[in-house]
Amino acid sequence: MSSNQDMPTYDENESKFMRKAKESPFVPIGMAGCAAVVAFGLWRLKSRGDTKMSVHLIHMRVGAQGFIVGAMTLGVIYSMYKQYLAPTDPGKDSK
């Protein structure tokens, strides 16, 4: 027989995406940034001038990937800060 004490409790009305977004907030930021870069690239597609289509798409892909890598890097730095450098509760250390 297994016990449900080890399992985290979640609100039934809360979606899985929202739970994951609260646990790691930089993932939705990266997704939104990627979508914004792609939307901007598609909007700029009509005024690309003499630039080849393949070059324009490569630039758009590099921009989207750069935004995602930047968001992931910020997320790792933030989690390392919380784990190692954030001040702890002073009440625990004053015994």
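1. Let's begin with helix 2, residues 26–44. At 1.5 Å a residue, its 19 residues should span 27 Å, and the end C-alpha atoms are 26 Å apart, which agrees. The expected span here is 1.5 Å times one less than the number of residues. Seen down the axis, the buried residues of helix 2 fall within an arc of 70 degrees, so they line one face of the helix. That arc is taken from the directions from the helix axis to the C-beta atoms. Gly-30, Gly-33 and Gly-41 are buried in helix 2. Buried means under 20% relative accessible area, exposed means over 50%, and partly exposed lies in between (1.4 Å probe, protein chains only).

2. A word on what you are looking at. This is a predicted model, in which local features need pLDDT of at least 70 and side-chain atom pairs count only at pLDDT 80 or more, while totals for chains, interfaces and linings use all residues. Residues are numbered from 1 along each chain as its sequence is written, and side-chain values use heavy atoms, with hydrogens and water left out.

3. Now the overall plan. The chain has four helices and zero strands, giving the pattern α-α-α-α along the sequence. Helices (H or I, at least four residues) and strands (E, at least two) are DSSP runs, numbered from the N terminus. Of the 95 residues in the chain, 9% are buried.

4. The UniProt record, an unreviewed entry, places the feature "transmembrane region" at residues 26–45 and 57–81. Its positions are in the numbering used here, feature names are shortened, and annotations may be inferred rather than shown by experiment. In the model, residues 26–45 are 95% helix and 0% strand, with end C-alpha atoms 28 Å apart. Residues 57–81 are 100% helix and 0% strand, and their end C-alpha atoms lie 36 Å apart.

5. Ile-68 is in helix 3 and is partly exposed, at 32% relative accessible area. Val-62, also found in helix 3, is 25 residues from Val-37 in sequence and 9.7 Å away, C-alpha to C-alpha. Val-62 counts as partly exposed because its relative accessibility is 45%.

6. Pro-25 sits in the loop between helix 1 (16–23) and helix 2. Its C-alpha atom is 7.7 Å from that of Gly-75, 50 residues apart along the chain. Pro-25 is partly exposed, with a relative accessible area of 36%.

7. Finally, find the nonpolar surface patch formed by Val-76, Met-80, Tyr-81, Tyr-84 and Leu-85, with about 570 Å² of accessible area together. Met-80 lies in helix 3 (residues 53–85) and counts as partly exposed at 44% relative accessibility. Patches are made of residues with over 30% relative accessible area and no salt bridge; like charges are joined within 9 Å, and nonpolar side chains (Val, Leu, Ile, Met, Phe, Trp, Tyr) within 5 Å. A salt bridge is a side-chain nitrogen of Lys or Arg within 4 Å of a carboxyl oxygen of Asp or Glu. Accessible areas come from the Shrake-Rupley method with a 1.4 Å probe, and for residues only the protein chains shown count as cover.
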